[in-house]
Structures are given as C-alpha cells and as structure tokens.
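Please look over the sequence and the structure first, then read the points grouped below.

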Amino acid sequence: MIKKFTLSILLMASAAAVVAQNIKNNPGSNHGNSFEQLGTILPTPNEQRTASGAPGAKYWQQRADYNIKCTLDEKKLLLTGSETVTYFNNSPDPLDYIWLQLDENEHSSVNNANYQSSTRLPAQMEVKALERALTPAGDNGYGIKILKLTDVQGKTLSYTVNKTMMRIDLATALKPGQQFVFNLQWSYKIPDRMTFGGRGGYEFFPEDKNYLFTMAQWFPRLCVYSDFQGWQNHQFTGRGEFALTFGNYRVQMTVPADHVVGATGECVNYSGVLTPTQLTRYNRAKTAKAPVEIVTLAEAKAAEGKRVTGTKTWVFQANNVRDFAWTSSRKFVWDAMAQPIEGRNVMCMSFYGKEAYNLYSKFSTRAVAHTIKTYSDFTIPYPYPVAQSVEAANGMEYPMICFNYGRTDKDGTYSESTKNGMLGVVIHEVGHNFFPMIVNSDERQWTWMDEGLNSFVEYLTEELWDNKFPSKKGPAHTIVDYMKLPKDDLEPVMTNSENIVKFGPNAYSKPATALNILRETIMGRELFDHAFKQYARRWAFKHPTPADLFRTMEDASGEDLDWFWRGWFYSTDAVDISLDSVKFAKADVDPRIPGARTVMSKIDKPAVNAFEDISKVRNREDKNLRFYTDRDTAARDFYWKYDRGIIPYTEKSVRQEIPVQVEQLTEAEKTQYKDKYFYELSFGNKGGLVMPVIVQFTYKDGTTEIDRIPAQIWRLNEKTVSKFYVKDKEVTGILIDPMRETADIDEANNRWGGDSKKSKLQLFKERSGAVRGQSSGLNPMQAL
C-alpha cells in the first residue's frame, strides 16, 4: 500500500480540468497563443528556401561586377565617375528593366525620398533651423547627376529616376542565364556630412584647413532582385541602410597627390603611390604582431601644413563583395598589423588624424584584429584579405572598411566613456563585415537582422576584450527600461526600419538581448553556438530572411523555439514574472509551534557595470577563454587599472515558520518525513512574455540552490503557474531571476515576502477518487 501526503493548500485537478478552469476564468485570454507554431506566419518552404532553414537545391541570386574610375576634386568638392557594370541574371525570370540605388540623392532637395514626419511650432528655434525653413523650394544642386548612360555598343539607354531609385529600361528582356553590360557616367557635389548628415561626404578641419573624405554609398549600384521579394527598391530615407548584389570590383580613384587612401579590397599599386619607406613599413606590417605606422604622426602633421600639386591614382580590387567604400585625406596616420585567421594573415589597418592619435594608435587596429578573430570563432572564418577602421567622427560600415569615432581632448587625454565608446563602435562596425556584408541580410526590410545580430556578436566580442568592459547591448537587465515603456512607444522587432520610433533599442539592443538570453538561459552555449555557426555557414554570401534564421536555429539545435521568436520578435510584450505566493508545510512530529520572524566636482567613477551579468561571470570562470587585454598587455591603459582599483577612486529576506497540524505518524514515518519541507510557489505572468522561471532558494544554513524551470511550464496557462517542491532544508528566502537573465521589468515582485497562509498536513492511506492539489568635469586621467 502506497502512503502519500495531501497538503490541503495544494489542490491539483486533472490536466483537462485545469485547462477548462483557465478558459472559464479568462474567457478573453490568449490561452495557448504563445506556443502556437509559426507555420502560419513564416513563408512556405520551397525549392529556394527549405523548411530546415537552408538554401534549397534551386537557390539562386544575381551578380553585378563593376569597373569604376573616379576623380576627387578637392577644390570644387566634386566627385566625377564612370562605371562599366556587368549584370548577371541568374534568376529563372526574364527582366524587362533593372533597378539601381542612387543613395546620394538623399542630399538632394528634389530627388530625396521625401519621407516626412509631423512637425510643430516650437517655443524656441535655432537660427539655422529657421533659415532652412525659410529657404525657398528648389534644386539645391546635390544628388547624383546622370551624365550619360549607354549599352556596351554605345547606344543610349532609357532610364527613369524616382527619388533615390533609378530604373533602366531594357530594349529586350534579359533572359535567365544572360548578362547585360552598360556604361554610366555621373557626378555630384560632395556634401558636408557634418551639416547634412549621412554616411558619405567630407569633414572640414578649420584649424589646419584640410578635408577628410568618406566616400560611401557614392556610386549608382544594383538593387537586389531575389526569390522572396523581387526587386528591393525601397526608397533610401537615410535610416534603413541597403541590401546589394555581390560581385567583383575594380576601382581607380584619382585624388590629390598628398592624400592617403583606404578602401574596400586590396590596393594593387602601392608601389606607385607610396614612398619606398612607406612601402617597406607596409610589408613589415604584413607579419607584425603589433601595429606598425606606415604613415607616421610626424608625416601626417607635415602633410597637413603644406599642399603638393598633382594627383595620384590608387587602384583597388575587391572580389565577392556587396559594396565598395573609400576614404581620402592628407591628415591620415596609417597603421597596420597582421591577424592570423586559419593559416593566413589578414591585414588589420587604421586611418586617423592627429585628433584621435592617443586613442586610435593604441586601440583601433588591435580592436580590428580582436574583432575579426572573435567573430570568426562564433561564425565563419573571416574570408577577406583586409579589415580597416577609419576615424571619421561617425559610425558606418562597408566591406573591409568602416568609419568610426573617438577623438581625444586637446591635451591628448580622454575620458573612459570616450575610450569605451570608441572601442564599442570599432568592434560594432568591423563586425558588420559578417552581418550584413557577408551574411547579406536586408536592413531596409529587417533592420534587426543587420544591427541586432551584429550587436549580439559585438557583445560577445566586447566581453572577450576585457572582462570589465561595460557592455550596454546584450546583458538582459540593460533592456528593461525599454521593455517597460508604454505599448504606444513600442513596435515589434519585426518592423520595417522607417517605421520604428525607438530605433536603437528596437533594432539593436532588444534583438541582441534576446539572442543572449537564448544562448545563456534557454538553449545553453553549446547548442546555441553550434546552431548560430550553422546559420552563418549556410547563408554566407547569400541573402537570408528571418525565417531562414529561425528555422536554422531550431533545425541545428533540436529545440522548438517558435514561442521565443513569437514573444521577442513579433510582440511588444515584456517579461514580468511575479512570485505571487509561497505556501509551505512541514511534517512536524513535534507539536511545538515554530515562531515566525521577518528577515528579510566629482570625479567619474570607474565605468564598469554595477551588476556583473551572467556572461561576464561565465567567461571569467571559463579557463579556455583569454581576454585580449590579458594576452596583449599593451592594450592596458589608465582605465584598465582604474577599473580594477589599482588606481583608486578617490571620492569619498523575509523568513517565516508557519505552524502546521500533523496527524499521527508511525515512528518510521516520523523518521522519514520529520526533516522535509514542502513548498508551493505560485508565479504570475504580468508582462505577457512567457519565459523560463529561474528560482533561487536560500536555506537557513546560508547555502543557495537554483532551479531553472523551462518556459514550457506556461504552455497550458500563460497567466499563472505553480510548482511544488520538497526540500531537505528550511528555505529562508526565495528570489526569482537572481542573475537578472530574463529582462524582468519589475524586480520588486521577485522576492518571497509577506505572510504565508497556515497549512495542515495529513497522512492518509490511498483511496480511490482522492483529490490531490489544486554619471561631468575633469576626466580621471586629468584629475588623478
């Protein structure tokens, strides 16, 4: 005969009865919706994209090769160019026209996308803003000017410019397997990007009267034509970036003779544009383990102070890339070092002016090397020959080259926030080589597939740079302020870029946090890392969609994650799991009634996270990991010591025992059960987003124990659930999500507190039908 306990506080009905009761009590609830499969939302698998998330047997994509010649006129601030484009139609569709992007038209007053937002009469207004409002409508002269468009035989082609897009009409349809060659000549006024904004343009330095040019999104280039969308010709508004076709580039840039040029790809004529000394330094840098200055600070300062006449032409070749960008200035210091990636050396390089020297000379190229190595470990080996960082007072990425910020104060010192911001942006923008430059997602359609995935791996890379690095995108607790905003201020992650109100948290931080939670809390590192690598391998140099990521992560891990994608990517729900009540009983063989008692000018501080998130803890405990600043002590500086207290900072649970009634027990039963503690924990889902429930018990002897309850506990009732525990020791405190892993927006309801109801414990013999249970001023470098 089996003996059992019935705790009068634990009334458990059959599963069917629980479901029926839930529907009765919550007739308008979304019972079961969170765990509904995404089959009705995701596109139907086909021969191009399989149900497993892999490219299908008949996957195809287009290709465009470019041969470009351009001239930079520094005096007139004018760029002129010509390009020969070979477009390959690898699709099964005949094409009557092709579409090109004219992103530079964002600066045009007549050909911009004209996406307007509501405006109001301000109480105060800057004069410049008023002058812009008073400027009569008309052509401001900016934007791409199409000078000539012909086919390979020289015949003029018909075209139409629609704002930031250009359609070329073909005399005869371009059939599957055919290629189309055309020649295009164009020019445009180079804008002052510090005034106009945008990625491409110039920055003028009045102190030395020099320019720094960042030539980005600068030439007419093919839109993507894909199996899932057709032509991606969404207008360019300046926010959603771009999706482009892969191809090979040969680009010749004629610039002032004293300029230094960095660009996508490899320069094929360094011997013709560098001095013999500079060329020797470059060749030495190919195997160097620390940055080598190819153009020194002294040389850069000398070039600033004088002008030489004439021009030089730099020639670059880049294969299998989706875009091409470049930079040109006489202000540049240029350094480089090698980073081994699977048996070959990648040239990691940086270009920066004297204004950034004390930061960039120490950190930039090292951060480039660390980034491509770490991203390679988490995705695929970096496939390109170079990776470059350019200090240009902004952040934007292109294949093999990116523009970043990070300048020192006038005296050469810098704040820790400037240093960390500079490191973060270099890692982020270099990381974009992988997402979306190689794994070629479309930011105009799904911003998070570009920014969110990259921000997630940026977080992993920052964490492995320095265990004290104050990462802001990735730790679950850092997204809480956004997640608890009113619903009117939120959109689902699966929102088109132009329609997002809170762009940073929605497109960057929330998806990065979601993936980190998936890695650390739901799947575990081993399963997640394998599946994420599989996604990168499958879609390298291809055009993935969200469905391809979702399906691959499940296919490669054996985890059903539809509930997770639905909650984090398709909804605006938040995580707020409450510990609503704690009921407990004890088989007390001694009639003593336990008592009840309740236990329950400044200098900047070091810029470290106040809370050590779970990734930091695990990374520190993982003996197989070595942080960059431990491997290369040259990357340590004032703040590395400041964060660890080596340079000191100068400024000055409810415990209850509730009496229970115990029926007579045999001596054997008394011995068996007298030291057991019985608890029922009731949880509420107040935020709407189902998540695992992580419970930490603190025992009377001071020890702790954690129970991780999978999210599937909510599958039959998404509002309330409970769990019964039998413990060998008395619990004095209970905390939900102790490591702040789930982005819970209200931690005040995560602790055990308040009165618990008195319960009775009865011992009985089993009989049929028994019912069971129902942080300004001086920076520290200057002050200390």
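The model is predicted: local features need pLDDT of at least 70, side-chain atom pairs count only at pLDDT 80 or more, and totals for chains, interfaces and linings use all residues. Residues are numbered from 1 along each chain as its sequence is written, and side-chain values use heavy atoms, with hydrogens and water left out.

**The chain as a whole**

- The chain holds 19 helices and 32 strands; these are DSSP runs, with helices (H or I) of at least four residues and strands (E) of at least two, numbered from the N terminus.
- Of the 784 residues in the chain, 55% are buried. Buried means under 20% relative accessible area, exposed means over 50%, and partly exposed lies in between (1.4 Å probe, protein chains only).
- Accessible areas come from the Shrake-Rupley method with a 1.4 Å probe, and for residues only the protein chains shown count as cover.

**Helix H14**

- Helix H14 spans residues 562-569, and eight of its eight residues are buried, so the helix is largely enclosed by the rest of the structure.
- The buried residues of H14 are Asp-562, Trp-563, Phe-564, Trp-565, Arg-566, Gly-567, Trp-568 and Phe-569.
- They pack against helix H9 (447-465), helix H10 (480-483), helix H11 (503-523) and helix H13 (546-557). Contact here means heavy atoms within 4.5 Å.

**Helix H6**

- In helix H6 (residues 297-304), the residues Leu-297, Ala-300, Ala-303 and Glu-304 are buried.
- Seen down the axis of H6, these buried residues fall within an arc of 125°, so they line one face of the helix. The arc is that of the directions from the helix axis to the C-beta atoms.
- The cover over the buried residues of H6 includes strand E10 (210-215), strand E17 (292-295), strand E20 and helix H7 (357-378).

**Salt bridges**

- The whole structure contains 45 salt bridges. A salt bridge is a side-chain nitrogen of Lys or Arg within 4 Å of a carboxyl oxygen of Asp or Glu.
- Arg-330 pairs with Asp-258 in a salt bridge, with the closest N and O atoms 2.8 Å apart. Arg-330 lies in the loop between strand E19 (326-329) and strand E20 (333-341), and Asp-258 in the loop between strand E14 (247-256) and strand E15 (260-263), so the pair ties together parts that are 72 residues apart in sequence.
- Arg-330 is buried at 3% relative accessible area, and Asp-258 is buried at 13%.
- Lys-487 forms a salt bridge with Asp-573, the closest N and O atoms being 3.1 Å apart. Lys-487 sits in the loop between H10 and H11, and Asp-573 in the loop between H14 and strand E25 (577-586), so this pair ties together parts that are 86 residues apart in sequence.
- Lys-487 is partly exposed, with a relative accessible area of 43%, and Asp-573 is partly exposed at 23%.
- Glu-747 and Arg-740 meet through their side chains in a salt bridge of 3.2 Å, N to O. Glu-747 is partly exposed at 39% relative accessible area, and Arg-740 is partly exposed at 26%.
- A network of salt bridges links Asp-208, Glu-304, Lys-331, Lys-354 and Glu-355. Glu-304 is also one of the buried residues of H6.

**A nonpolar surface patch**

- Met-125, Leu-130 and Leu-134 make a nonpolar surface patch of about 300 Å². Patches are made of residues with over 30% relative accessible area and no salt bridge; like charges are joined within 9 Å, and nonpolar side chains (Val, Leu, Ile, Met, Phe, Trp, Tyr) within 5 Å.
- Leu-130 is found in helix H2 (residues 127-134) and is partly exposed, with a relative accessible area of 39%.

**Cysteines**

- The structure has zero disulfides, a disulfide being a pair of cysteine sulfur atoms within 2.5 Å.
- Cys-223 is buried at 0% relative accessible area, and Cys-348 is buried at 0%.

**Ser-187 and its contacts**

- Ser-187 lies in strand E8 (residues 179-189) and is buried, at 11% relative accessibility.
- Leaving aside neighbours within four places in sequence, Ser-187 is in contact with Leu-79, Thr-80, Gly-143, Ile-144, Lys-145 and Leu-147.
- Ser-187 and Leu-79 are 108 residues apart in sequence and 5.6 Å apart in space, C-alpha to C-alpha.
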